[in-house]
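Student: Could you walk me through reading the strands and helices of a structure? I would like the general idea of each feature and then the case at hand.

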Amino acid sequence: MRVLMIGANGYLGRFVADRLLADPAVQLTALGRGDDADVRFDLASGSPGALTRFLDAVHPGVVINCAGATRGGARELARHNTVAVATVCEALRRSGCGARLVQIGCGAEYGPSQPGSSTAEDAVPRPGGPYGVSKLAATELVLGSGLDAVVLRVFSPAGPGTPAGSPLGRLAEAMRRAMQSGDGELKLGGLGAQRDFIDVRDVARAVHAASLSAAQGVINIGSGRAVRLRDAAAVLARVAGYGGALHELDGPPGPLRASIGHPRSEPDHAAPAAHPYPDGCGSWQQADVRTARDRLGWRPRINLEESLADIWMEAACRI
């Protein structure tokens, strides 16, 4: 099976590529903006015609799009998350390869949900920020393209390689700094949000399964269980062997804040958040993952403690 993968050097893309390369039946070609790609192409600025010519030459059976931006202004997010997907869809429509498209979406497309509820694929999306809006627009383009396509809405990925700017990445970095400085207190803010964390290796398994399946439409990929960031912090402390006290700072929810590694006389400083929940998902998100089980034969295998242990292992290497 010839697979063209876009975004193979990104956070999710690296694990998807590793999973595909482990399958002897897959012949993988990576397309992207970096020098390490097999073919260099910028979806945000490249023309659909140029991509069509490449598709006709390579003739993949599956195109997997893991590319995109998670940070930046609305214009940048729209270019890399929406315009880029429009280019892919148009090129596939023009091409004679007939490839199946596996598009990586995200749970932020749904926006806030009712605490205690599980969000299924038929929920009406109401993204609460520009990132979710740009990803939802991409999903609508895929669903309306007439292609053989599936969109995997990935909730909160975790595990090795977790970006330092993510909630769990900031948590691990705060704990690393506390242990490095010998601080017996770790003060953090923004721990009240509850998110559905899913290990990146489980995400890679889902993408692999989707590329082999005939499933179409939207499929949620998550653990099916919301976890409070405060509880994740306690697990991470246990994994790291941090014996200090964890204190939650008062104030509205926002990015994790920490007063660690500084003299006691220095005041706590926290950058203001543009939105009380920067991902636009409110205080609660939990995926209904029955569709992934029924249509992909997929279930999550890696629990959050293992994901946090791998996050900590990488953070500890910086001590």
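Tutor: Gladly! Two strands count as paired if DSSP finds at least two bridges between them. Keep in mind that this is a predicted model.

Student: Which residue stands opposite Leu101 in S5?

Tutor: That is Val63. It belongs to strand S4 (residues 62–65), which pairs with S5 in the parallel sense over four bridges.

Student: What is the order of the strands in the open sheet?

Tutor: Seven strands make up the sheet, in the order S3-S2-S1-S4-S5-S6-S11, and the pairing is parallel. The edges are strand S3 (39–40) and S11, each of which pairs on one side only.

Student: Let's look at S6. How many bridges join S5 to it?

Tutor: Six bridges link strand S5 (residues 100–106) with S6, and the two run parallel. Opposite Val154 in S6 you will find Cys106.

Student: And what is the bridge partner of Val154 in S11?

Tutor: Ile221 is the partner there. S6 is joined to strand S11 (residues 217–221) by five bridges, again with the strands running parallel.

Student: Which way do the side chains of S6 point?

Tutor: The general idea is that side chains in a regular strand alternate between the two faces of the sheet. In this case, Ala149, Val151 and Arg153 point one way from S6, while Val150, Leu152 and Val154 point the other way.

Student: Are the residues of strand S6 buried or exposed?

Tutor: Buried here means under 20% relative accessible area. Six of the six residues of strand S6 (residues 149–154) are buried, so the strand is largely enclosed by the rest of the structure.

Student: Now the helices. Which strands does helix H1 lie across?

Tutor: Helix H1 (residues 11–21) lies across strand S1 (2–6), strand S2 (27–32), S4 and S5, and runs at about 165 degrees to S1. Helix H3 (residues 74–94) lies across S1, S4 and S5, running at about 165 degrees to S5.

Student: At what angle do helix H7 and helix H9 pack?

Tutor: Helix H7 (residues 229–240) and helix H9 (residues 304–316) pack at an angle of about 60 degrees, and their axes are 9 Å apart. That angle makes H7 oblique to H9. Their crossing is right-handed. H7 makes the contact through Ala232, Val235, Leu236, Arg238, Val239 and Ala240, and H9 through Glu305, Leu308, Ala309 and Trp312.

Conventions:
Residues are numbered from 1 along each chain as its sequence is written. This is a predicted model: local features need pLDDT of at least 70, side-chain atom pairs count only at pLDDT 80 or more; totals for chains, interfaces and linings use all residues. Side-chain values use heavy atoms; hydrogens and water are left out. Buried means under 20% relative accessible area, exposed over 50%, partly exposed in between (1.4 Å probe, protein chains only). Axes are lines fitted to C-alpha atoms, for helices over the stretch in contact, and angles run from 0 to 180 degrees between N-to-C directions. Angles under 35 degrees count as roughly parallel, over 145 as roughly antiparallel, 65 to 115 as roughly perpendicular and the rest as oblique. A crossing is left-handed if the near helix is turned anticlockwise from the far one by less than a right angle, and right-handed if clockwise. Contact means heavy atoms within 4.5 Å.
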